Structure formats: structure tokens, C-alpha cells
Amino acid sequence: MPSGSQARPGNVRPMQVGFIGAGNIARALARGWDEEVLVSDAGSGRAKQLAAELGGEALDARTVAERSDLVLLCHKPAQLEAVAGDIRGHTKAVASVLGATSIAKLQDAYPGVPVFRLMPNTPVEVRRGVVCYAPAEGVNPELEDRVIELFERLGLVEQMPEAVFETATAVSGVGPAYLALLAEAQIDAAVRHGLPPALADRIVVETMAGTAELLAHRGYDTHAVRREVTSPGGSTARGLAALERAGVRSAFQDAIDAVAGWSKD
């Protein structure tokens with residue numbers, strides 16, 4: 001079955017998605033959908049690798065556009081005009097996961113074509129991603145529903161005004177790297193105190209995964225989850241105090257300032 005397709009009732013055929021670009025986020029999306037791909041690249045060879053992995057075809061960009069119901073822009077943002085110049089007039093609808101590329105820029109590049117601005121994070125590969133979505137005006141509601149349903153297969157789709165899109169994606173997009181760094185720091189500390197590395201890996205990562213589920217179950221009440229494991233004067237309280245002294249909160253404030261500030265430039 002083609003990339004991004006999904007069974008639908010009645011006579012509505014599955015949506016054919018074509019990837020323009022085969023980098024990290026394209027691979028995460030394609031692996032999450034886990035179906036044959038139509039994909040192109042700029043000569044890196046990644047398109048052929050992805051097609052070999054999942055099935056499908058590595059093609060030139062124009063052919064991908066011609067054969068797709070939805071063209072998914074996964075190339076570098078700086079290539080917007082060059083790619084549009086190649087495939088403009090051959091696209092039925094365009095979805096973009098390009099950073100710092102507004103709806104207005106997409107509409108200028110693809111005039112008269114429905115555009116969708118989205119930003120997934122890499123956990124879409126395991127269908128536990130977050131996909132930020134800023135809707136454009138005037139898009140056919142039925143088409144919009146189909147695109148949202150497509151991405152909902154990969155995790156949570158959060159719709160929001162474009163005015164807050166950069167901040168939201170600064171949190172969700174870089175979040176996996178931050179959490180991986182936190183896991184790595186805890187694993188290193190545990191190993192320093194004698195825990196075997198493989199055991200430390202499993203304990204830390206599964207604790208993070210379980211805590212995420214618990215936070216969702218508690219209505220995302222971070223204070224409640226902390227209180228449940230923090231006794232006055234206990235070990236958790238001492239550990240949290242050490243993290244506060246080390247500036248964990250200000251470090252994350254600095255990080256989001258750096259990322260969100262850059263993305264808005």
C-alpha cells in the first residue's frame with residue numbers, strides 16, 4: 001500500500017503521500033506509517049535507502065509530485081523556492097514540515113494549492129509523536145480532516161494558531177534530544193555508583209516512559225507527580241534540591257530562549 005495511505009469507508013481511496021526529502025524527519029514519518037514510499041532527495045542517496053527499507057520507489061521530485069495526492073516537504077527550508085520551481089503546477093496539496101517557514105511563504109511558493117504547516121517530532125517513528133499543526137485559511141474541510149487523520153496515526157496532533165507555532169515546536173521538536181540528554185546524565189551517574197550500564201539504561205529509560213504515562217494519567221499535573229514521591233527531608237527532596245542548586249530550571253529557560261529566539265529570526 002502506498003505511503004501514508006489508510007483504509008477509509010466507502011469509495012474514498014487512500015491518500016498517496018510523496019516525500020520531497022529523505023532526511024531524519026522524513027524517515028521517522030515513513031517508518032511510523034510503515035508503508036511503501038514515493039520519495040526523492042537532492043542526490044544524497046537516502047531516498048533509495050528508504051525505498052529499499054520500506055518498499056516503494058525513489059524518484060525525481062516532479063514525478064513524486066505528479067503521482068501524489070499530498071506532497072510532503074521534508075527538504076531544507078532554504079530549498080523552498082528551488083523545489084517549488086521544479087514541482088509547482090504538479091502538486092494537488094502540500095504539507096510542510098520545514099522549520100521557520102510560514103504559511104504565507106508556503107502559499108507564495110505554491111499559489112492556488114492547499115497548504116498545511118505541520119511539525120512532527122521524531123517519536124512519530126514509534127507512533128508516539130507530537131505533531132504541531134497551524135491551519136491555513138480556506139482549506140477544504142474534508143481534505144483537512146484527511147490530512148489530520150493521516151498524522152494522527154503517528155501520535156498526538158495539536159492544532160494551534162501560527163502565532164505560537166514556533167514556541168510549541170521549540171518545545172516538542174527538540175524535546176527528544178533534551179530527554180535523551182537527561183537519560184544519558186542519569187545513566188552516567190548510576191554507572192559511576194556501580195550500576196551495570198545495560199541495567200542503568202533500562203531502569204532510567206523505562207522510568208522516563210512510565211513517568212510520562214503517569215503524568216498523562218494525572219492530567220499533566222507535574223506537581224502532583226513530584227509530591228507523590230517526595231517526602232519531607234527524604235532522598236527525593238535532597239535530589240531535587242541538588243538539581244535546583246545546579247540550575248536545572250534556568251538551564252531549560254536558556255535552552256528554549258535559544259531555540260525559540262532563533263526560530264523566530
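User: Before we look at this predicted model, what is a pocket here, and what volume does the second largest pocket have?
Analyst: A pocket is an open set of grid points with protein on both sides within 12 Å along at least five of seven lines. By that definition, the second largest pocket has a volume of about 1000 Å³.

User: Which helix supplies the largest share of the lining of the second largest pocket?
Analyst: The lining has 39 residues, and I25, C74, H75, K76 and P77 are the closest to the pocket's centre. At least two lining residues each come from α1, β6, α7, α8 and α12. The largest share is four residues, and the helix that supplies them is α7.

User: Which element gives the largest share of the largest nonpolar core?
Analyst: This core holds 59 residues, and those touching the most other members include F19, L29 and F116. F116 is also in contact with residues beyond four places away in sequence, among them L70, Y133 and V147. As for the core's largest share, six residues come from α1.

User: Which residue of β2 is the bridge partner of I20?
Analyst: Let's start with the strands: β1 (residues 17-20) pairs with β2 in the parallel sense over three bridges. In β2, V37 and V39 point one way while L38 and S40 point the other way, and all are buried. Side chains in a regular strand alternate between the two faces of the sheet. The bridge partner of I20 is S40.

Terms used:
Residues numbered from 1 in each chain as written. Predicted model: local features only at pLDDT ≥ 70, side-chain atom pairs only at ≥ 80, totals over all residues. Heavy atoms only, no water. 1 Å grid on protein atoms, 1.4 Å probe; cavity = no way out; pocket = protein on both sides within 12 Å on 5 of 7 lines; lining within 4 Å. Points joined across faces, edges and corners; volume = space filled by probe spheres on them. Core = buried A, V, L, I, M, F, W, Y, C linked by side-chain atoms within 4.5 Å. Buried < 20%, exposed > 50% of the residue type's maximum accessible area, 1.4 Å probe, protein only. Contact = heavy atoms within 4.5 Å. Pairing = 2+ DSSP bridges.
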